[in-house]
Amino acid sequence: MFHCFKIGTMDATIVSDGPLTLPPAPRIFKGPTDDALNAALVHAGQPTDRIRAEQNCLLLETAGRKILFDNGLGSEKLYGTESGRLLESLAEAGIDPAAIDALVLTHGHSDHCWGTMGADGRPNFPNATIYLSQAELEFWESDPPSERFERSVAGVARHLLPLRDRIVFVRDGAEFLPGVQACLTPGHTPGHMAYLFAGNWCLTGDVAFHDPLSYTFPEAHSVFDTDREQGVATRKRLLARLADERIAVIGYHQPWPGLGRVERANGTFRFLTGP
Ligand SMILES: [Zn+2]
């Protein structure tokens, strides 16, 4: 599945890795009551027995380069059977994985970088330079001593460390590829990066990963955050900026294809679907 659009003069395509099925909201979001979480889902016309999260990967074509942002869960079926379709979606869009020059990662969680290697342990994007923040790679590489990090540590070891000589670190604020600027947004993970394009589009990664819950309850922690307080502060700061500067959003986990805008709404926020 793919969706073509424009970011300024750049050709952009959302290519799907397929949706994830996550546990019910109260097992993911902490702070608001179960009733408040479920009421927000019902109001948005969504089920309460599970969370459905898309995986909207962005492919950008600029200055003769093909740049893929995040690459889904790969061949593992950690969250239901519908994920792992990225290569199929790229084929549908007429993109050869070998033609991808750059793989840019928001962070090191399974659903963002486990498409780097195929099930056979060979790179899915054999000619791509990999970009992510140094803080992100070093955190997972350091084998942080907590059970809840084990899976990501193993994933980074399997998908990124064998390609370490192809990794380039991106710095906060740097325009490291033409028209692509890094924006350090820590909390969900220590070196999480959002990316800004042409100054008026933002790929937000997992800073606010669920519509409506991350917007209606920006102060809610998520069980996936490595630093929950920092995650809340980062989310509030980024959402305020996106709303106030009218920056369009590419939402990785939001309903297909994840494009929209953020608006302030009675002290919290709202995501408006559409270009
Ligand atoms: Zn995610």
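Here is a short chat about the fold of this predicted model.

Colleague: Before we start, what should I know about the model and its numbering?

Modeller: It's a predicted model, where local features need pLDDT of at least 70, side-chain atom pairs count only at pLDDT 80 or more, and totals for chains, interfaces and linings use all residues. Residues are numbered from 1 along each chain as its sequence is written.

Colleague: Okay, how many helices and strands are in the chain?

Modeller: Seven helices and 18 strands. Those are DSSP runs numbered from the N terminus: helices are H or I with at least four residues, strands are E with at least two.

Colleague: And what's the radius of gyration of the chain?

Modeller: It's 17 Å, close to the 19 Å that the globule rule gives for 275 residues, so the chain is as compact as a globular protein of that length. The radius is taken over C-alpha atoms, and the rule is 2.2 Å times the number of residues to the power 0.38.

Colleague: What share of the residues is buried?

Modeller: Buried residues make up 48% of the 275. Buried means 20 or more other C-beta atoms within 10 Å of a residue's own, exposed means 12 or fewer, and partly exposed is in between, with C-beta atoms placed from the backbone.

Colleague: Which residues touch the most other members of the largest nonpolar core?

Modeller: Leu58, Leu103 and Tyr195, out of 71 residues in that core. A nonpolar core is a set of buried Ala, Val, Leu, Ile, Met, Phe, Trp, Tyr and Cys residues joined through C-beta atoms within 7 Å.

Colleague: What does Leu103 touch?

Modeller: Leaving out residues up to four places away in sequence, Leu103 touches Leu68, Asn71, Thr116, Phe125, Ala128 and Ile130. A contact here is two C-beta atoms, placed from the backbone, within 7 Å.

Colleague: Switching topic: which strands pair with β6?

Modeller: β2 (residues 10–16) pairs with β6 antiparallel over six bridges, and five bridges join β6 to β7 (residues 65–69), also antiparallel. Strands pair if DSSP finds at least two bridges between them.

Colleague: Is β6 mostly covered or mostly open?

Modeller: Mostly covered: β6 spans residues 56–62, and five of its seven residues are buried.

Colleague: What about the hairpin of β6 and β7?

Modeller: There are two residues between the strands, and Ala63 has a positive phi near 50°. Thr62 stands opposite Arg65 in β7.

Colleague: Last one, which residues of α4 are buried?

Modeller: In α4 (residues 134–141), Glu136, Leu137, Phe139 and Trp140 are buried. They cover an arc of only 160° around the axis, which puts them on the same side of α4; the arc is that of the directions from the helix axis to the C-beta atoms.
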